[in-house]
Amino acid sequence: MHNPDIHVSKSSLYVVATPIGNWGDMTARAIAVLNAADVIAAEDTRVTGQLLKQYGITTPMISVREHNERAMADKLIARLAAGEIVAQVSDAGTPAVSDPGAVLAASVHAAGFKVIPIPGASALTTALSASGFSCAHSLFYGFLPPKTKQRCDELTLLKDSPYITVFYEAPHRIADCVADMSSIFGAEREAVLCRELTKTFETIRRGPLAELAEWIKNDPNQQKGESVVVVNAAPPAEKDEAAAHDQVLVPLVAELPVKQAVALAQAITGAPRNALYERALVLKKNTQA
């Protein structure tokens, strides 16, 4: 069925999202663009070939993978200059989101041609939408380092993040990855394992990291297929009430008698005098130690 809202521009690179598992998630606009394109830049022509066959799309393909993306960019830009339409797809999901695509898009921008996104399936947004976490902000990390030490170093940097954090992980590392998250983020931190999203054996399970780690360890089926792990934001750090006004009190105590420092700190902060006085005595003692 023709959709009058679908328009395809010449001399443009279309970044086309394709299904991450269920072919029913292909959009009408994506089909129209792939049909209209002069060439499809595919991460793996064999994988994309199956998708094109499903929808009766006969547009020719060329292979544009991570190792040749930069070299192929010049050739594709020459085709754009000739007025052609280029569509880029990855094996599944949205190009350039933990997949090749960014190098080609950057090169096309630099050459002065349009880069037009065709939105659709993405494991990132799919997992976030099913997580049930309501933090207003999220951080997409993608794949962690494959080696244990480097992975734990990265997780340590992220453990106090105030954002929901989204990770991708390969099947042969998912058990170790979630176990490391439990160790570093804390056994009780809530997370959601999303495995094989939109596919036949899709699994979405939410719970404390320790529980998820044990479940994955004891169920080999959970160690198959691609996974997305959504970890809830770190709980707010408990404030040290005694030190709440140190930014004001410390320099005053360093220069003035305690009584005078407290009077000025109270005037500036409005905090209770007794609490400020007790804290000032501690600070004074520490400076004299």
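A crossing is left-handed if the near helix is turned anticlockwise from the far one by less than a right angle, and right-handed if clockwise. I wrote that down before looking at any helix pair.

**Ground rules**

I am working on a predicted model, where local features need pLDDT of at least 70, side-chain atom pairs count only at pLDDT 80 or more, and totals for chains, interfaces and linings use all residues. I number residues from 1 along each chain as its sequence is written, and side-chain values use heavy atoms, with hydrogens and water left out. Helices (H or I, at least four residues) and strands (E, at least two) are DSSP runs, numbered from the N terminus.

**Entry: helix α3**

I looked up α3, which covers residues 69-81 and has 13 residues. From first C-alpha to last, α3 reaches 18 Å, close to the 18 Å expected at 1.5 Å a residue. The expected span is 1.5 Å times one less than the number of residues.

Which residues of α3 are buried? I found E69, M72, A73, L76, I77 and L80. Buried means under 20% relative accessible area, exposed over 50%, and partly exposed in between (1.4 Å probe, protein chains only). These buried residues pack against β1 (12-16), β2 (39-42), β3 (61-63), β4 (85-89) and α4 (102-111). After α3 comes G83, with a positive phi near 95 degrees.

**Entry: α3 against α4**

Two packed helices are described by the angle between their axes and the distance between the axes. For α3 and α4, I noted an angle of about 40 degrees and axes 9 Å apart. Axes are lines fitted to C-alpha atoms, for helices over the stretch in contact, and angles run from 0 to 180 degrees between N-to-C directions. Angles under 35 degrees count as roughly parallel, over 145 as roughly antiparallel, 65 to 115 as roughly perpendicular and the rest as oblique. So α3 and α4 are oblique to each other. The crossing of α3 with α4 is right-handed.

On the α3 side, I listed E69, R70, A73, L76, I77 and L80. They meet A102, V103, L104, S107, V108 and A111 in α4. By class, this contact of α3 with α4 has 9 nonpolar, 1 polar and 2 charged residues. Ala, Val, Leu, Ile, Met, Phe, Trp, Tyr, Cys and Pro count as nonpolar, Asp, Glu, Lys and Arg as charged, and the others, Gly among them, as polar.

**Entry: α9 against α10**

Next I took α9 (residues 246-255) and α10 (residues 258-269), whose axes come within 9 Å and cross at roughly 155 degrees. That makes α9 roughly antiparallel to α10. Their crossing is right-handed. V248, L249, L252 and V253 in α9 meet A261, L264, A265, I268 and T269 in α10.

**Entry: R151**

Is R151 buried or exposed? R151 is buried, at a relative accessible area of 2%. R151 sits in helix α6. Leaving aside neighbours within four places in sequence, R151 is in contact (heavy atoms within 4.5 Å) with L144, P145, P146, R173, D176, C177 and D180.

**Entry: P236**

Where is P236? I found P236 in the loop between β10 (227-231) and α9. P236 is exposed, with a relative accessible area of 77%. P236 and S161 are 75 residues apart in sequence, and their C-alpha atoms are 9.4 Å apart in space.
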